[in-house]
Amino acid sequence: MLKPIMTISRYILEQQIQNPGATGRFSGLLTTITLAAKVIAREVRKSGLLDILGKTGDVNVQGEQVTKLDEFSHKVIMDTLGRSGHVCALASEEEESIIEIPEGYPLGRYVLLLDPLDGSSNIDVNVSVGTIFSIHRRITREGKGMTEDFLQPGHRQVGAGYVVYGSSTMMVYSTGQGVHGFTLDPEVGEFLLSHENIRMPEKGKIYSINEGYHDRWERGVDEYIHYLKREDKETDRPYSSRYIGTLVADFHRTLLYGGIFLYPSDRKRPHGKLRLLYEAAPMAYLAEQAGGLAITGRERILDIQPTSLHQRIPLIIGSRQDVLTAEKFIRAAS
Ligand code: P6P
């Protein structure tokens, strides 16, 4: 029996129909993001065959080596979304300041924040990478978007999602009505609904953290990770350890299988490594929409009032019970 074919474009429209006040602009923005994702997916899939692997020799605002695929993904998104008429400005991990819409193009009522290619250092060894996006309604009244349109707490996002370029290409997003996953069928050239209403398990059996930084961890994190490693049948311990080193891939596994991902603050990085606006906040939005939690270790990610575009934040995210246990260890030790 053939499953009904539900494309992401049709799903977005069906969600819009359920929202009587919708104008279709937000649907248009989401659909344009799927176009950019398809173009990036095509290049990622062929990257081993094209002169698109490796580094450009440039360093981005984060002080990180820019890969050719970073640059390509950034350009694709700027070209498609920048001229879509849906946004009044964009912000990208690859650019120091916000990106204005080219002269002559209409300004939309949303702003879009992106990590165009998360985990790009993994691309040369064929490990999953991803694109992360976050959407806010503009707060300035008119004209070009301003930085203040971007510095909004995560709970005000109107949409967020990611694309994971792995064994298959999947797009996962939420607009506040649950979390839904779509798998790209390259022959059809469409993202097809494959995971409707994803719910994160209440508790998992996998923890994900870069153990190489063990000596830098604060005591509460150290004690929590040791707790997960101790044998205890009652509480399903020890947990398994999985760490891919690409946030999108580590989060995608946590979303589907449950468990916990941690990139905590440590002695070397008192604010952690991950960026609040276009990494932690969109993932926190998805986690909570799927029944999970996301904290810094002491406060809810979605409550944080951003102070700068590229600010870093500690991230502890995953199954509700696991995140609450981690928070208990961290609070008890501080
Ligand atoms: P580390 C990739 O560079 C990234 O920004 C995230 O995708 C990932 O979770 C993290 O950094 C990995 O950092 O320090 O463990 O290599």
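Just after helix H5, glycine 258 takes a positive phi of about 85 degrees. The structure is a predicted model, in which local features need pLDDT of at least 70 and side-chain atom pairs count only at pLDDT 80 or more, while totals for chains, interfaces and linings use all residues. Residues are numbered from 1 along each chain as its sequence is written, and side-chain values use heavy atoms, with hydrogens and water left out. Helices (H or I, at least four residues) and strands (E, at least two) are DSSP runs, numbered from the N terminus.

Helix H5 itself is largely enclosed by the rest of the structure, because nine of its eleven residues are buried. Here buried means under 20% relative accessible area, exposed means over 50%, and partly exposed lies in between, with a 1.4 Å probe and protein chains only. The buried residues of H5 are Leu247, Val248, Ala249, Asp250, Phe251, His252, Arg253, Thr254 and Leu255.

Helix H6 is also mostly covered, with twelve of its 14 residues buried. Among them are Leu276, Tyr278, Pro282, Met283 and Leu286. Just after H6, glycine 291 has a positive phi of about 95 degrees.

Two packed helices are described by the angle between their axes and the distance between the axes. For H5 (residues 247-257) and H6 (residues 276-289), the axes come within 12 Å and cross at roughly 15 degrees. Axes are lines fitted to C-alpha atoms, for helices over the stretch in contact, and angles run from 0 to 180 degrees between N-to-C directions. H5 and H6 are therefore roughly parallel to each other; angles under 35 degrees count as roughly parallel, over 145 as roughly antiparallel, 65 to 115 as roughly perpendicular and the rest as oblique. H5 passes H6 in a right-handed crossing. A crossing is right-handed if the near helix is turned clockwise from the far one by less than a right angle, and left-handed if anticlockwise.

On the H5 side, the contact is made by Leu247, Val248 and Phe251, and on the H6 side by Glu279, Met283, Leu286 and Ala287. Contact means heavy atoms within 4.5 Å. By class, the residues of this contact are six nonpolar, no polar and one charged. Ala, Val, Leu, Ile, Met, Phe, Trp, Tyr, Cys and Pro count as nonpolar, Asp, Glu, Lys and Arg as charged, and the others, Gly among them, as polar.

In the contact, Ile8, Ser9, Ile12, Leu13 and Gln16 of H1 meet Ser27, Leu30, Thr31 and Thr34 of H2. These residues divide into four nonpolar, five polar and no charged.

The largest nonpolar core has 38 residues, and those with the most contacts inside it are Leu90, Leu112, Phe133 and Ile135. H2 gives the most to this core, with nine residues. A nonpolar core is a set of buried Ala, Val, Leu, Ile, Met, Phe, Trp, Tyr and Cys residues joined through side-chain atoms within 4.5 Å. Not counting residues up to four places away in sequence, isoleucine 135 touches Phe26, Leu29, Leu30, Ile33, Tyr110, Val111, Leu112, Gln157, Val158 and Gly159. A second, separate core of 32 residues includes Val172, Ile198, Met200 and Tyr263.

Threonine 169 lies in strand S7 (residues 169-174) and is buried, with a relative accessible area of 9%. Leaving aside neighbours within four places in sequence, threonine 169 is in contact with residues including Ala41, Arg45, Phe182 and Phe191.

Some backbone features remain. Most residues other than glycine have a negative phi, and most peptide bonds are trans. Asparagine 197, in the loop between strand S9 (190-195) and strand S10 (206-208), has a positive phi near 50 degrees and is partly exposed at 46% relative accessibility. Aspartate 236, in the loop between H4 and S11, has a positive phi of about 60 degrees although it is not a glycine. The relative accessible area of aspartate 236 is 38%, which means partly exposed. In the loop between H4 and strand S11 (240-241) lies proline 238, and a cis peptide bond with omega of about 10 degrees joins arginine 237 to proline 238.
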